[in-house]
Amino acid sequence: MPERECKGTFRITKSGSIECRIPYYDAKGTRRVKSFTGKTRDECIERAGEFCAKNETKNIVIKRDATIPDIARQKLENDYVKNFCGEAGYDRGLQTLAIIERGELADVPIRKITERMLERYLASITCYAPSVLRKLFSMVSSAFALAYDRKVIDSNLIVAKGIRCPVSAKGEKDVRAMTEEEQKRFVDALMEHKVPYGRNDYKRQILLELYTGMRMGEINALKPENIDFKRGLIHVEATISRGINSRSYYKKHPKTEPSIRDVPISKRAEPILREALEEMRDNPEGLIFYDFNKDDVIATYQVGSFFQRICRKAKVSCAGQHALRHTFATRCIEAGVPAIVLKRWLGHTNIHITMDRYVDVFERMNNSAIGQFENYIDRVKEECMVYVA
């Protein structure tokens, strides 16, 4: 669903399903209300989001000779002006649009694009990473859908010809967890690393991601009031997001509702947080971690660059700093933390994301679980025999 928060109300129906009611404005500007039902709150929000996305584009007027970039820009501007997407989504959209504007179909009216031209263009963008490729295909598909809906084109080529998103030549980025031995080498290298005078030290943020599983944007957005040592919890309610022109800024609400959560403070994380609070200096945002060299919030990419330097020093191969979060989750699963608990700690939207993302770890643990089951049955059997005797 787009980044805009669902502004509806929820209730449980007599049948036990969940109903979401949202206000919207029709083509004449009249305020109306529409209901959506589902088994879960997330399912209702997803259906409401799909309806809003379709409704928001009704007022877009497309000229006869409009190109794919023309249509895509109109939709993007419309979504942003009406708060259907936030700064981060708008900025990512502009970056995707810039790639399309450099392509061979940039100046061709969409009504003149043939199937062969479209296939040739899609083949030309397979050089991009899978995530970028999916955004490009989605934007092109939306342009064709809008053009067809407005009768600028007689047929939606993508739907009519069953054209699919091409496969990236780069393949998916392998963001894996560190092994226990790699984790030890990495932490040793991190603690031994001497930060040059006048440079930012990101050691604490890196250790917090490793020991709490929080996203780096969430860690850099922490304020003293988010830390509750008495209850042993970190209240996650904000993030450092990327806005227009890739500007990093403090965002009060994370991308999804489950991202607002309480994360337990482990024994390893507690001293790190206490030290950070003791050394915290006043700053405009009131953040625990702040970049005083540039007088601004700390962006995730800054910590990511530091992380890569430590990885090279420790001779650990990881695709990105997000590997710390994966490592935390993997250690949790190995320790026997239930998937439903891990889902809440990580702030995943639903349990399927947790299970799918760490399916290999769960499967590995399942192989040893039968041994635990057999040991339990043997113990129960022995206790029964003692009781009978």
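What share of the 389 residues in the protein chain is buried? Buried residues make up 43% of them. The model is a predicted one. Here, a residue is buried when its relative accessible area is under 20%.

Start with the chain as a whole. Its secondary structure comes to 15 helices and 8 strands. Contacts also say something about the fold. Take those between residues at least 6 apart in sequence: 60% of them join residues at least 24 apart.

Now turn to one helix. H4 runs over residues 115-124. Which of its residues are buried? They are Met117, Leu118, Tyr121 and Leu122. Looking down the axis of H4, these buried residues fall within an arc of 130 degrees, so they line one face of the helix. What do they pack against? Their partners are three elements: helix H3 (87-101), helix H5 (130-149) and helix H6 (157-160).

Next comes a sheet. It is open and has 3 strands, in the order E4-E5-E8. The pairing is antiparallel. Strand E4 (227-228) and strand E8 (261-264) stand at the edges. Each has a single partner strand, so one side of each is left without a neighbour in the sheet.

Follow the sheet strand by strand. E4 pairs with strand E5, residues 233-236, over 2 bridges. Ile227 stands opposite Ile234 in E5. E4 and E5 form a hairpin, with 4 residues between the strands. In this hairpin, Gly232 takes a positive phi near 70 degrees. On to the other pair. E5 and E8 are joined over 4 bridges, again in the antiparallel sense. Val236 has its bridge partner in E8, and that partner is Arg261.

Last, look for empty space. Rolling a probe the size of a water molecule over the atoms shows where such space is left. The second largest pocket has a volume of about 630 Å³. It is lined by 26 residues. Which of them are closest to its centre? These are Asp201, Arg204, Gln205, Glu279 and Phe289.

Helix H8 (203-212) and helix H10 (269-279) each supply at least two residues of the lining of the second largest pocket. H10 gives the most, with 5 residues. What is the make-up of the lining? It divides into 13 nonpolar, 5 polar and 8 charged residues.

Definitions and conventions. Residues numbered from 1 in each chain as written. Predicted model: local features only at pLDDT ≥ 70, side-chain atom pairs only at ≥ 80, totals over all residues. Heavy atoms only, no water. Buried < 20%, exposed > 50% of the residue type's maximum accessible area, 1.4 Å probe, protein only. Arc of directions from axis to C-beta. Contact = heavy atoms within 4.5 Å. 1 Å grid on protein atoms, 1.4 Å probe; cavity = no way out; pocket = protein on both sides within 12 Å on 5 of 7 lines; lining within 4 Å. Points joined across faces, edges and corners; volume = space filled by probe spheres on them. Nonpolar A, V, L, I, M, F, W, Y, C, P; charged D, E, K, R; others polar. Pairing = 2+ DSSP bridges.
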